Amino acid sequence: EQYESMIKLHKDFDKEVWFAAAVHNYIGAAPCNDMSDDSLRAAITACRRQNIDHFIITLWGGSECSHFLTLPSLCYARCVFEGQEDKETIRKRFYEATGENYDAIRALDAPNTLAASYLELPEIDFCRYVLYQDVFSGYFDTVLKEGSCERYDEKADELLQMKKHSR
């Protein structure tokens with residue numbers, strides 16, 4: 001809805017409208033593929049409804065996150081654009097394109113996704129808060145909830161298991 005409103009406003013300029021969506025790799029050391037997928041689906045839908053023919057996806061540099069970790073979202077966007085939103089189809093297309101396990105790469109979002117249950121801050125940028133935490137000052141210790149360290153240990157074990165499914 002928000003994208004459609006923005007597109008309509010830009011159409012008022014009576015110029016050809018292009019839409020540039022972003023994959024969220026610029027937030028920190030870990031990707032945010034879930035957030036990217038949500039925004040990409042909304043952007044593609046809005047562009048279709050508003051008859052926008054020019055659609056690009058951007059990846060920004062300057063962050064700690066590898067661009068390769070956003071490949072699941074790029075694959076997802078292509079599948080959505082082609083009308084294929086079935087997870088199995090997306091997994092298969094991802095493997096065909098990269099030779100990698102879709103779920104194993106998506107699991108690397110974990111440092112950002114753990115915040116919802118264990119932190120009073122928004123999920124966005126969570127891994128950066130923890131990564132750059134000064135262990136001597138404990139600046140962010142007050143927002144960490146009981147059990148967050150154990151949850152990170154569990155996720156680390158899951159990621160090690162996923163390693164078996166990756167090249």
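Reader: Which residue forms a salt bridge with Glu82, and how far apart are the closest N and O atoms?

Author: Side chains of opposite charge can pair when their charged atoms come close. The term salt bridge here stands for a side-chain nitrogen of Lys or Arg within 4 Å of a carboxyl oxygen of Asp or Glu. In this structure Glu82 forms one with Arg78, where the closest N and O atoms are 2.9 Å apart. One caution before we go on: this is a predicted model, in which local features need pLDDT of at least 70 and side-chain atom pairs count only at pLDDT 80 or more, while totals for chains, interfaces and linings use all residues. Residues are numbered from 1 along each chain as its sequence is written, and side-chain values use heavy atoms, with hydrogens and water left out.

Reader: Is Arg78 buried or exposed?

Author: Buried means under 20% relative accessible area, exposed over 50%, and partly exposed in between (1.4 Å probe, protein chains only). Arg78 is exposed, at 53%, and Glu82 is partly exposed, at 38%.

Reader: Which parts does the pair of Arg93 and Glu82 tie together?

Author: Arg93 forms a salt bridge with Glu82, with 2.8 Å between the closest N and O atoms. Arg93 lies in helix H4 (residues 87–98) and Glu82 in the loop between helix H3 (71–81) and H4, so the pair ties together parts that are 11 residues apart in sequence. Helices (H or I, at least four residues) and strands (E, at least two) are DSSP runs, numbered from the N terminus. Arg93 is partly exposed, with 24% relative accessibility.

Reader: What about H3 itself: which of its residues are buried?

Author: They are Pro72, Ser73, Cys75, Tyr76, Ala77, Cys79 and Val80. Their cover includes helix H2 (33–49), strand S2 (54–58), H4 and helix H5 (102–106). After H3 comes Gly83, with a positive phi near 85 degrees.

Reader: How are Lys155 and Glu158 placed in helix H9?

Author: They are 3 residues apart in H9 (residues 148–162), so about one helical turn separates them. Lys155 is buried, at 18%, whereas Glu158 is partly exposed, at 38%.

Reader: How many salt bridges are there by this rule?

Author: The count comes to 11. Salt bridges can also join into a network, as with Asp34, Asp37 and Arg106.

Key: Contact = heavy atoms within 4.5 Å.
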